[in-house]
Amino acid sequence: MNIDTRIKFRHLVCFLEVARQGSLARAADKLAISQPALSKTLKELEILLEATLFERGKKGSTLTEAGAAFLRYAGPSVQSLREGVNSLRSGMHEPITVQLGVLSTVESLLVPEVVCRLHRALVVSVMTGPSAYLLSQLRVGELDLVVGRMTDSPLIAGLTFEHLYSESMTLVVRAGHPALSDPRGRKNLEDYPLVLPSAGTTIRKFADSLFVQHGITPSRQRLETLSVALSRRYVQCSQAIWVAPHDAVRQDLRQGELVELDLGMREPGGSVGLCSNPALPVTAAAQWCMETLREVGQEYREGRYP
């Protein structure tokens, strides 16, 4: 369907301001127009869209389900147009940048693929770290989005989480590790050093759960880190067992550089997703990034990503 050319910029601006203010009176005041004029503009938009965008009552105007859906696209569209006009007027045609928080669970495969698909349109600035830190940066507007496992973090309250795909944890060792030929299987696993996610992180809870399920007592020799590069290198040159998110080691397993320890059952997996701050406007760059993450996430769910 083509966009109805009768929908004007003023329609979108009025819609966004009422959604922001939650009141026709306050929105009219902000836009410096009369309330009847604002009400008429909204009515025109609702007729053109064939949908009711607001529920009007004594306490103000609240978005309907249709209004909330339209807001998801109207906001970034207006913001993108404003940024484009400002860029041309200033004479400084700076590339658009998205500020992305990335957890260790997705830095090996998902995010590199997303960056490859986005680079023709924008610059991707990546910040890594534990979920608590990245979510705090998202909350204050220093990041546009955070990607990874974070549903168990208390700091996610008040933010919006969208599931992309599920990912399990696995135990891996270097090729030739003695545990691979040990007929007693998991009985002696506690004798080997461990590589674990940092204590207190969301992914560490899944790692601890994996040991509980298999009745394994974790070794006292531990390397606790969120660094995928450090974990990989240490495991390759030692007898350590790495409790890793499957995405982090998928290519290593395929190339035979690491080998999965088969314990007969696998941890069911946690939710990998994207987190945004509903209290802040979604930039055009963030919207493009979200759409690309959804696209790649769908390929993961359908088994179309190698």
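Reply: Let us begin with His177, which is buried at a relative accessible area of 1%, where buried means under 20%, exposed over 50% and partly exposed in between, found with a 1.4 Å probe on protein chains only. Keep in mind that this is a predicted model, in which local features need pLDDT of at least 70 and side-chain atom pairs count only at pLDDT 80 or more, while totals for chains, interfaces and linings use all residues. Residues are numbered from 1 along each chain as its sequence is written, and side-chain values use heavy atoms, with hydrogens and water left out.

His177 sits in the loop that lies between β7 (169–174) and β8 (194–196); helices (H or I, at least four residues) and strands (E, at least two) are DSSP runs, numbered from the N terminus. Once its neighbours within four places in sequence are set aside, His177 is in contact (heavy atoms within 4.5 Å) with Tyr192, Gln239, Ala240 and Ile241.

In helix α7 (residues 202–214), the buried residues are Thr202, Ile203, Arg204, Phe206, Ala207, Leu210, Phe211 and His214, and just after α7 comes Gly215, which takes a positive phi of about 65°. In helix α5 (residues 110–118), Leu110, Val111, Glu113, Val114, Val115 and Leu118 are buried, and the buried residues of this helix pack against β3 (97–102), β4 (123–128), β5 (145–149), β6 (160–167) and α10 (284–301).

The cysteines also deserve a careful look. A disulfide is a covalent bond between the sulfur atoms of two cysteines, and it is counted here as a pair of cysteine sulfur atoms within 2.5 Å, a rule by which the count comes to zero. Cys275 is in no disulfide, as the nearest cysteine sulfur, that of Cys289, is 13 Å away, and Cys275 is buried, with a relative accessible area of 0%. Cys289 is likewise in no disulfide, the nearest cysteine sulfur being that of Cys116, 13 Å away, and with 0% relative accessibility Cys289 counts as buried.
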